[in-house]
Amino acid sequence: MGAVTGIAAIMLVLLGQDWGDALFWILAAVMLGSALLVVTMHDIIRCGLAMMVCFGALAGIYVVLGAPLIAAAQVIVYIGAISVLILFAIMLTQTKDAPSRLVFQTQAVPAAISAVVIAVIIALAIAATDWHEVPERIRLATDALSQVLFNDFVLPFEIVSVLLLAAVVGGVFLAKREPGGPS
Amino acid sequence: MSNSLDAYLILSGLLFAIGSFGFLARRNAISMLMSIELMLNGVNLSIVAFGAFIPALGAQGSVIALMVIAVAAAEATVGLAIVIAIFRNKKTPLVDEYDQMSQ
């Protein structure tokens, strides 16, 4: 996989694209490929690991996009916390007798059709809309972002912290065993 | 290509579509939660892309993306706790066997 991406990078540079474009293409390909693996692979543990790869590539795309703080939060929260949580939940809910012969439900084909339709509609809407964007990325400094976050958005910030506390308490309450119930 | 908003938006739309396919098609409840995370990440990528290409937004795009990441963490916690609680009662993670209300 590394050799393939390396060769792809060299080819892209030889084709006359600069490094930003090459990085964007490689990260986008890795992200979409691993996302497809997440939704199609048989072994659910491998699905979780492919999801970590997908989140890592997305963090790289955030860096290319000029948002390093979002990339750091992505790595810490998604790869560090949510993926580990999901892997633990997978290991808690794996059944030994039937590791799910069928990965997909009976509605897999309509689901695939609807997903393709959603993608096409989104792409058409994006292509048809003028967003009044600037041709060059705005690189936002982290101190400017923190000024905005802790001045204008300090109330949502505190509400999010209360929400996280409530989610932790609720998660513990939901997942704990009842005393005397089936273990 | 890395300097055009459309490329990032189409990428986020593709990620959202892949996530919606996984949510609709997978049998395992945890796979469905992973697909929801993929869809959330797709939306988050579009928010950050808007913040990086539209000057009128200023820093608000990045702030909203950070909030979305925090709320997604809360959602994953509660969702996985619910899946574990259901698994403890039904002994299976497959959602098409959660048919108690249709019997």
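Helix 1 of chain B crosses helix 2 of chain B with left-handed geometry. The model is predicted.

**Helix 1 against helix 2 in chain B**

- The axes of helix 1 and helix 2 (residues 29–53) of chain B are 8 Å apart, and the packing angle is about 165°.
- That angle is over 145 degrees, so helix 1 of chain B counts as roughly antiparallel to helix 2 of chain B.
- The residues in the contact between helix 1 and helix 2 of chain B comprise 16 nonpolar and nine polar, with no charged.

**Overall fold of chain B**

- Chain B contains three helices and zero strands, in the sequence order α-α-α.
- For 103 residues the globule rule gives 13 Å, whereas the radius of gyration of chain B is 17 Å, well over that value, so chain B is more spread out than a compact globule.
- The C-alpha trace of chain B spans about 55 × 25 × 20 Å along its principal axes.
- In chain B, 57% of the 103 residues count as buried.
- Taking contacts in chain B between residues at least 6 apart in sequence, 50% join residues at least 24 apart.

**Interface between chain A and chain B**

- The interface brings 78 residues of chain A into contact with 63 residues of chain B.
- On the chain A side, at least two residues each come from helix 2 (19–40), helix 3 (44–65), helix 4 (68–92), helix 5 (108–128), helix 6 (142–151) and helix 7 (154–175).
- Helix 4 of chain A gives the largest share of that side, twelve residues.
- The side of chain A that touches chain B divides by class into 61 nonpolar, 13 polar and four charged residues.

**Helix 4 of chain A against helix 3 of chain B**

- Helix 4 of chain A packs with helix 3 (residues 60–90) of chain B at an angle of about 5°, and their axes are 11 Å apart.
- An angle under 35 degrees counts as roughly parallel, so helix 4 of chain A is roughly parallel to helix 3 of chain B.
- The residues of this contact are 18 nonpolar and three polar, with no charged.
- From helix 4 of chain A, the residues in this contact include Leu69(A), Ile70(A), Ala73(A), Gln74(A) and Val77(A).
- From helix 3 of chain B, they include Ser62(B), Ala65(B), Leu66(B), Ile69(B) and Thr77(B).

**Gly13(B)**

- Gly13(B) is part of helix 1 (residues 5–25) of chain B.
- Leaving out residues up to four places away in sequence, Gly13(B) touches Ala119(A), Ile122(A), Ala123(A) and Ile126(A).
- Gly13(B) and Val43(B) are 30 residues apart along the chain, and their C-alpha atoms are separated by 7.8 Å.

**Pro93(B)**

- Pro93(B) sits in the segment after helix 3 of chain B.
- Neighbours within four places in sequence aside, Pro93(B) is in contact with Thr93(A) and, in chain B, with Asn28(B), Ala29(B), Ile30(B), Val83(B) and Phe87(B).

How values were computed: Residues are numbered from 1 along each chain as its sequence is written. Chains are lettered from A and ligands numbered from 1 in the order in which they are written. This is a predicted model: local features need pLDDT of at least 70, side-chain atom pairs count only at pLDDT 80 or more; totals for chains, interfaces and linings use all residues. Helices (H or I, at least four residues) and strands (E, at least two) are DSSP runs, numbered from the N terminus. The radius of gyration is taken over C-alpha atoms; the globule rule is 2.2 Å times the number of residues to the power 0.38. A residue is buried if 20 or more other C-beta atoms lie within 10 Å of its own, exposed if 12 or fewer, and partly exposed in between; C-beta atoms are placed from the backbone. Two residues are in contact if their C-beta atoms, placed from the backbone, lie within 7 Å. Ala, Val, Leu, Ile, Met, Phe, Trp, Tyr, Cys and Pro count as nonpolar, Asp, Glu, Lys and Arg as charged, and the others, Gly among them, as polar. Axes are lines fitted to C-alpha atoms, for helices over the stretch in contact, and angles run from 0 to 180 degrees between N-to-C directions. Angles under 35 degrees count as roughly parallel, over 145 as roughly antiparallel, 65 to 115 as roughly perpendicular and the rest as oblique. A crossing is left-handed if the near helix is turned anticlockwise from the far one by less than a right angle, and right-handed if clockwise.
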